[in-house]
Amino acid sequence: MSVDKAFREMIRNEIEVQLKPLRDVVSRLESGTADLDALRSVAERLAPLAQVVGPLFGANAPAAGKAGRRPVGRPAGRAAVSAPVAAVGGKRRGRKPAAAEGGARECAIKGCGKPSRTKGYCAAHYQKLRMLEKTNRRPSEWSDYANPNSVEDIKLPRGRAASKALAEAAQKNA
C-alpha cells in the first residue's frame, strides 16, 4: 500500500502546483468584486445628491436610454397604418375573390359555392387542379373555365392507395 499512497501524494502535489496560480487569480477577483460592491453602494447613496447638484455645475442629467439607439418595438406613427387584419385567422394572403354582385362566378365544382378565382375554380379546387395536372391525373371534365357548378368533384386517395394510384397513372402515361 505504500506505493499506492506515495503515488496519490505525488499526484496531489502536482495538482496543487498546477492549481496555485488559478487559486491566486480567483482570490484577487473575489477581493476586486468586494471593492466594486462598495463602490456601487457609494454611487447609489450619492445619486440623489448628484441629481440636485449636477445642474448647478453644468452636468447634464443622464438620458433614459443610450444615445443613438432606437427604442424597442414599433414606431408610434406606424401603428395606425398597418395592413387590415381579417376577423379570424390573422392576415389574409393572396388575391381577393371577385365581388358577388359584380358578375362573379361560382366555382366549377358542384356544391362548392365559393367564388371562382382562376380558370373557373376557387382557390382550393384550383390547387387540386394544379396537383392533378402535375401528376398527370387530370380528369377530362376538369377543363379550364368550366361553367359554374358543372364539374363533379373527385376524392383523391390517401396513403398507400395514393402511391398505388400514382404508380398506375405513371404506367398509363408511359
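In this predicted model, H125 contacts C107, I109, C112, W142 and D153, neighbours within four places in sequence being left aside. H125 lies in helix α2. At 12% relative accessibility, the histidine counts as buried, because the limit for that class is under 20%.

The overall architecture is helical. The protein holds 3 helices and 0 strands. Along the sequence the pattern reads α-α-α. Helix α1 covers residues 2–53, whereas α2 spans 123–134 and α3 spans 160–173. Of the 174 residues in the protein, 11% are buried. The accessible surface comes to about 15,000 Å². Carbon and sulfur atoms account for 57% of that surface. Among contacts between residues at least 6 apart in sequence, 41% join residues at least 24 apart.

The largest nonpolar core has 11 residues, including C107, I109 and W142. A108, Y121, C122, Y126 and L129 are also members. L132, A146 and V151 belong to this core as well. In soluble globular proteins, nonpolar side chains tend to be buried together.

L129 shows how this core meets charged residues. Residues up to four places away in sequence are not counted here. On that basis, L129 touches the core members Y121 and W142. L129 also touches R138 and D144. These last two residues are paired with each other, their side chains meeting in a salt bridge at 2.7 Å, N to O.

I154 also reaches W142. This isoleucine sits in the loop between α2 and α3. I154 and W142 are 12 residues apart in sequence. Their C-alpha atoms are 9.9 Å apart in space. I154 touches W142 along with K128, L132 and P139, residues up to four places away in sequence not being counted. I154 is partly exposed, at 24% relative accessibility.

The cysteines were examined for disulfides. The count comes to 0. C112 is in no disulfide, and the nearest cysteine sulfur, that of C122, is 3.7 Å away. This distance is too far for a bond, because a disulfide needs sulfur atoms within 2.5 Å. The two cysteines fall into separate accessibility classes: C112 is partly exposed, with a relative accessible area of 22%, and C122 is buried, at 2%. C122 is one of the core residues, and C112 is among the contacts of H125.

A search of the whole structure finds 9 salt bridges. R138 takes part in a salt bridge with E133, the closest N and O atoms being 2.3 Å apart. R138 also pairs with D144, at 2.7 Å. Salt bridges that share partners join K119, E133, R138 and D144 into one network. E133 has a relative accessible area of 31%, R138 has 29%, and D144 has 33%. Each of these values counts as partly exposed, because the class lies between 20% and 50%.

D24 and K20 are 4 residues apart, about one turn of the helix. D24 is partly exposed, with a relative accessible area of 33%.

F7, M10, I11, I15, L19, L22 and V26 make a nonpolar surface patch of about 620 Å². L22, one of these residues, is placed in helix α1. At 52% relative accessibility, L22 counts as exposed, because the threshold for that class is over 50%.

Methods. Residues are numbered from 1 along each chain as its sequence is written. This is a predicted model: local features need pLDDT of at least 70, side-chain atom pairs count only at pLDDT 80 or more; totals for chains, interfaces and linings use all residues. Side-chain values use heavy atoms; hydrogens and water are left out. A salt bridge is a side-chain nitrogen of Lys or Arg within 4 Å of a carboxyl oxygen of Asp or Glu. Helices (H or I, at least four residues) and strands (E, at least two) are DSSP runs, numbered from the N terminus. Buried means under 20% relative accessible area, exposed over 50%, partly exposed in between (1.4 Å probe, protein chains only). Patches are made of residues with over 30% relative accessible area and no salt bridge: like charges are joined within 9 Å, nonpolar side chains (Val, Leu, Ile, Met, Phe, Trp, Tyr) within 5 Å. Accessible areas come from the Shrake-Rupley method with a 1.4 Å probe; for residues, only the protein chains shown count as cover. A nonpolar core is a set of buried Ala, Val, Leu, Ile, Met, Phe, Trp, Tyr and Cys residues joined through side-chain atoms within 4.5 Å. Contact means heavy atoms within 4.5 Å.
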